[in-house]
Amino acid sequence: MEMLIPRIIMLMTLILMLSGKAPIYLTAIVGATVAALSAGFPLRGADVNIVGLLSAGLHGVIIDMLGVLLFIGVMEKAGFLNAIIIRIMHFGRKVGGGPGVCTVGGIAAGVIGGMSGFTQPAITAVITGPPAIELGVDKNKVAGTIAHAGTLGNFGGFTHPTLVAVMATAGITFGLINVIGAVVGLSIFAASYFRLTREMKKNKVLASGNAKEFVMETTNIPFLKAILPFIILIVGFIAGIPIVMVGIFSSILVILMTDRNFITGEKAMMEGLTRITVPLLATVAFLYMSAVIHAIGMVAIVSNLLEPYLAVAPIFMMLLVSSVAGLITQSNAASAAIVVPFLAVVLASGANPFAAAIAAAGGPAIMQYYLTGGPIAALSTVIPVIPGSDLKTANRFQRPSILVGLLVLFIITIFL
């Protein structure tokens, strides 16, 4: 009974985080601290103390993130990242017509978001939206397709706070989880692409002649030159080399491939680290909160209540909870208040850490967009740059494809 008050405080903290009426990260830190103090945990000295619980948030995955962001910083300054995106857009237009243009526009935005930590589909919607419409695609479906970028950026990327917190809790590193995240994100794009092409063929939609006059951005950087450092980075992930080392080596390769000297190259790498502020604070906050939840016994209570279900299908329970969290909060970040503590419960039941992390990270990354297209940096930001498009109509088009992505994730968890 001595832990009743700390548990009530922690529960109120989680509810406040889910409400959207308080800052997520500060609420997690302050609420966890108040709960820990009310439980009688000192700042230092005892077996369980606040400083020790807080240090649990300083996880090694943050070091991995440093390597990725160093690499992204120099790739951007060298123009390599932009060259890759431009080539992808041209490929989409050549191969897939209007559906191809808006699909690769969304994929490009997802790639940018996964690397930079901020997925903003409106950036590529400005470029790819007009030609896709001119090539015969309905404006609402153009907006809906491009706005799928968030799932790819959140789940297949390297910097979203919830993904990082989940990985740290499960004790896994970047690599295969990003590959699976990319597969799931691309499956959503593929679903929308095939729906669009089938619909256009069925209705015999013809493109406007103006589309042929639309000129996309070009680059003089050869695609193979631009993509080579990125391929080496991915190969390093798969080979199990420490991510920070692979990132630094790939960054050096970019500098050698350009006319930059190492001083300016290092400066570009350092600029990439400016993006770590939000993931760093979020990771520390979520993991600190999770450590306090453990220490006051809330994990044990939930484990006992769900023991019959966790004993049979812990991974599917994790996927169900994370998906519902994304659906009701409409935010991948806010979902962490539910996902991270429940992941600890699932791991305590003996579930495979990697499979549990996939289910935990994937559910909210997909389902946060189902009800409204996402309240932040998603469909709502694309609609203004696609004249005449409507958010509700565009979101209705998104929903079947989003469910396809959830199905793909479900199938992957079965094999895991």
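Reader: Is lysine 77 buried, partly exposed or exposed?

Author: Lysine 77 counts as partly exposed because its relative accessibility is 43%, where buried means under 20% relative accessible area, exposed over 50%, and partly exposed in between (1.4 Å probe, protein chains only). Please keep in mind that this is a predicted model, in which local features need pLDDT of at least 70 and side-chain atom pairs count only at pLDDT 80 or more, while totals for chains, interfaces and linings use all residues. Residues are numbered from 1 along each chain as its sequence is written, and side-chain values use heavy atoms, with hydrogens and water left out.

Reader: Which side chain does lysine 77 meet in a salt bridge?

Author: The partner is glutamate 271, at 3.2 Å from N to O; a salt bridge here is a side-chain nitrogen of Lys or Arg within 4 Å of a carboxyl oxygen of Asp or Glu. Lysine 77 belongs to helix H4 (residues 61-78) and glutamate 271 to helix H13 (residues 262-272), so the pair links parts of the chain that are 194 residues apart. Helices are DSSP runs (H or I, at least four residues), numbered from the N terminus. Glutamate 271 is also partly exposed, at 34% relative accessibility.

Reader: How many salt bridges does the whole structure have?

Author: The search finds 2, and one of them joins glutamate 199 to lysine 141, with the closest N and O atoms 2.5 Å apart. Glutamate 199 lies in helix H10 (residues 176-203) and lysine 141 in helix H7 (residues 139-146). Glutamate 199 is partly exposed at 30%, whereas lysine 141 counts as buried at 18%.

Reader: Changing topic, which residues have the most contacts inside the largest nonpolar core?

Author: They are Phe80, Ile177 and Met318, in a core of 65 residues; such a core is a set of buried Ala, Val, Leu, Ile, Met, Phe, Trp, Tyr and Cys residues joined through side-chain atoms within 4.5 Å. Helix H18 (residues 353-367) gives this core its largest share, 11 residues. Apart from it lies another core, of 30 residues, among them Phe41 and Val340.

Reader: And what does isoleucine 177 touch?

Author: Leaving aside residues up to four places away in sequence, its contacts include Phe155, Met167, Phe354 and Ile358, a contact being heavy atoms within 4.5 Å.

Reader: Where does the charged end of arginine 195 sit?

Author: That charged end sits over the ring of phenylalanine 397, 4.1 Å from its centre, which requires NZ of Lys or CZ of Arg within 6 Å of the ring centre and within 35 degrees of the ring normal.

Technical notes. Helices (H or I, at least four residues) and strands (E, at least two) are DSSP runs, numbered from the N terminus.
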